[in-house]
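Please examine the sequence and the structure before reading the answers.

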Amino acid sequence: MQFVAPAGTVEPERADRHQRALHGFAWYATLAEALAATAAWARSVRDAGEWTPMDELILRVGFGETCNQIAHGVAMSQSEIVRPAEFGLADAASDFARDTAVDRFLNNPDAATNRADLARRLAEGERPCESFRDETLDLIRSQIRGFTAARIAPHAHRWHLADDLIPSEVIEGMAELGVFGVCIPAEHGGLGLGKLAMCLVSEELSRGWICAGSLGTRSEIAGELILANGTQEQKRKFLPRLADGSILPTAVFTEPDAGSDLASVRTRAKVSDAGGWRIQGSKTWITHAARADLMTILVRTNPDRPGHGGLSMLLAEKTRGTQDDPFPDAGIDGEEIAVLGYRGMREYTLGFEGFAVVQDGLLGAEEGKGFKQLMHTFEGARIQTAARAIGVAWNALDLGLAYAVQRSQFGQPLLGFPRVSDKLAVMAAEIVMARELTYDAARRKDWGKRCDIEAGMAKLLAARTAWSAADNALQIHGGNGYALEYEISRVLCDARILNIFEGAGEIQAHVIGRGLLNAARRSAPGS
């Protein structure tokens, strides 16, 4: 792309200056991958003989909406629409729109009827195919869905409004189902499954409450860090206890002046005269910090090496806090951050003043590897976050649909009005497309393939889908949606965080665009 890589290699300064073009390119590529993933889903469902009219409608509505965006403009946010002409591709976009296959979706005379039919089928209880045609995965989905419906969904809104921690007995129930050890190998006490299984677990739990789906995120990150980098003793000590939920971890990476720019971390860890490490500094936006038993902390152990080279990862054990004494250990204190949503675990700013970590707490017994160790978890974390977003989006659809069916105005249910049924139909199609993009990234990860771009695309699209679904579902509720007593008010707040954490949307698009261009350069003839 001439804007950011005139000589074939992406130039960082140009990439920053031409963010709109680079990010727009990332968004167009993401939608193209979503089309491909959804087409693959449709073929697999059809080949299995499970194709239904509902699946047909999902495909038609989803492809119609997405092809229209590609031809005419993609929404990077509600006010940022990037169009083909900005890339000098106005003629190519016109050719794309005139293509016979594409034209069938763009100018379908039955488009409005299809949307109405899709919404009607949703109201009658039909759903798009979600089977993996794998007995284990389908059983896990059924078990987690049943647990969520019985133990989480009926209480989530009350917990949210009271700003309560998710009850310990619910965490224990999740542990019994193996939620915290999905990807930990069986020899270390886990289920020994892959990222695809992790996706469906996160999706189903988040469909009840994002807090429940997010509890596993910290165990996923800690488990992957230790499994890939830990010493044999660290694996023996921590992995079985992570898997059975007897220790709850928290990720301690972000600092007040280092959000997305983790290479700029300044929190220090020094070797003390008495042995072990002492931590000095502050961290912020630390989820579930008080109740956690183990902190994975990114610290600077070599101040003479700027950037990521001086960073190390520590496995720091702590005492689980209580309501009256959230941080009982010496050398650590925390201040709670009041938040709109994403409640149930609580967010903290942490201060460290000589907090002690044992000498064996250095991950892998290697200094200076912390940033690289953390980077290797980004693929899994972003896939898992995309799955959480899918669950939140389904929750929004469930709530919006139920309200549209039950609420009547002007003598008919809200579902009978096209502006309402259209929202629900497009919502369902967009969720399936984001879901299939997420599953595709998870499969790549399970196959051992590099999938940083695919994981980023899944997270980017799923976060937008969740916010759009929550926003539209609240609109369907009208004024009642703005009332705290209605669950959709919680879902809207929960959905908003998804485009911020685990890589803000702008950072995500930047990484995707840059990665795609660099990959194209490497694969070019003569490179």
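Two strands count as paired if DSSP finds at least two bridges between them. The model discussed here is predicted.

Q: How many bridges join strand S4 to strand S5, and in which sense do the strands run?
A: Strand S4 covers residues 268-271 and strand S5 covers residues 277-287. Within this pair, Lys270 is placed opposite Arg278 in S5. The strands are joined by four bridges and run antiparallel.

Q: Which residue takes a positive phi in the hairpin of S4 and S5?
A: Five residues lie between the two strands of this hairpin. A positive phi, near 95°, is found there at Gly275.

Q: Which residue in S9 is the bridge partner of Ile279?
A: S5 also pairs with strand S9, residues 347-357. Nine bridges connect S5 and S9 in the antiparallel sense. Across this pairing, the bridge partner of Ile279 is Phe355.

Q: Which helix supplies the largest share of the lining of the second largest pocket?
A: The second largest pocket holds about 910 Å³ of space, and 37 residues line it. Several elements each supply at least two lining residues, among them helix H2 (19-47), strand S1 (74-77) and helix H15 (452-477). The largest share is nine residues, and it comes from H15.

Q: How many residues of the lining of the second largest pocket are charged?
A: Arg464 is one of the residues that lie nearest the centre of the second largest pocket, and Ala75 and Gln78 are also among them. The lining includes 17 nonpolar and eleven polar residues. The number of charged residues in the lining is nine.

Definitions and conventions: Residues numbered from 1 in each chain as written. Predicted model: local features only at pLDDT ≥ 70, side-chain atom pairs only at ≥ 80, totals over all residues. Heavy atoms only, no water. 1 Å grid on protein atoms, 1.4 Å probe; cavity = no way out; pocket = protein on both sides within 12 Å on 5 of 7 lines; lining within 4 Å. Points joined across faces, edges and corners; volume = space filled by probe spheres on them. Nonpolar A, V, L, I, M, F, W, Y, C, P; charged D, E, K, R; others polar.
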